Amino acid sequence: MSPFRLTRTLPEDATEAALRADVLNGLTRTPKTLPPKWFYDAHGSELFDRITELPEYYPTRAEREILVARAAEIAAATEARTLVELGSGSSEKTRYLIDALTGLHTYVPVDVSESALAQAGHALIAERPSLSVHALIADFTAELVLPETPGPRLVAFLGGTIGNLLPAERKAFLASVRALLSPGDALLLGTDLVKDEKVLVRAYDDAAGVTAAFNKNVLTVVDRELDADFDPAAFDHVALWDAQSEWIEMRLRSRTAQSVKIPALDLAVDFEAGEELHTEISAKFRREGVRSELAAAGLELSHWWTDDEGRFALSLSRV
């Protein structure tokens with residue numbers, strides 16, 4: 001059997017159908033919204049890679065610092081033979097875990113991008129010929145069925161991506177992850193932590209304007225895929241800290257009154273001058289809040305690691 005397998009659980013047309021539904025539902029409500037997953041076409045992914053290298057954007061560096069320092073502890077605590085990564089992307093940071101898990105048999109990256117899965121999977125096998133990679137083209141926020149692989153399993157959800165989910169969505173997501181776990185399995189979760197407002201806002205509104213371009217890229221995606229006529233230059237990037245909800249909000253603010261046509265949906269969308277289109281939240285966490293949300297899903301927090309500056313955390317929890 002080949003050491004690399006690719007299984008599709010998303011229908012071929014699922015991405016187009018989901019984009020149509022999200023644009024129609026999001027732009028006909030108040031306030032108008034577009035989900036952040038539509039940032040990530042090829043150009044958007046390139047922009048995000050640039051964001052992770054910006055001096056203002058600390059989460060990627062902070063999480064990598066923890067993985068470098070603690071991968072051996074994580075491996076010892078889990079003894080995982082299967083590593084499942086949700087939203088795996090390039091699997092770049094995951095290599096620290098793969099190297100530390102000396103008994104690892106199978107890596108299961110889960111992502112909506114077939115090209116990203118294939119590229120990362122083949123690269124890993126070239127570097128580690130003994131590793132079996134079973135990639136899943138799937139939406140990790142939907143019901144997920146994992147392949148039969150040896151346990152114990154470690155499910156990793158890194159990058160602070162859980163912060164992009166609203167509280168009710170986080171609750172449903174953690175419950176779905178719990179349903180995947182058997183006794184002896186564990187969840188490794190990356191969470192960005194609450195900190196000074198200025199540090200947070202700078203991370204999402206950098207001086208070079210890369211995050212602004214990333215935010216506006218969602219309009220370019222809608223233009224290309226649905227034949228819309230958004231003009232990204234007619235919107236300003238906005239990043240705000242909501243102290244009550246403890247999350248960053250990214251928005252696009254219309255510079256003028258304008259009407260945007262989306263022929264593929266037979267839809268015209270009117271914006272008032274100054275009206276904001278909500279594109280992303282990025283929730284920040286505290287240790288007890290993470291413990292509480294995990295407990296509500298039937299998971300017990302067993303380990304908690306932060307970087308030296310206490311900016312970011314990785315937590316390990318069990319059934």
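1. Two strands count as paired if DSSP finds at least two bridges between them. Helices (H or I, at least four residues) and strands (E, at least two) are DSSP runs, numbered from the N terminus.

2. This is a predicted model, in which local features need pLDDT of at least 70, side-chain atom pairs count only at pLDDT 80 or more, and totals for chains, interfaces and linings use all residues. Residues are numbered from 1 along each chain as its sequence is written, and side-chain values use heavy atoms, with hydrogens and water left out.

3. Strand E12 (residues 300–306) runs antiparallel to strand E13 (residues 312–318), and six bridges join them. Trp 304 stands opposite Ser 315 in E13. The two strands form a hairpin with five residues between them; in the turn, Gly 310 has a positive phi of about 70°.

4. An open antiparallel sheet has three strands in the order E7-E8-E11. Its edge strands, E7 (235–242) and E11 (276–283), each pair on one side only. Eight bridges link E7 to E8 (residues 247–254), and His 237 stands opposite Leu 252 in E8.
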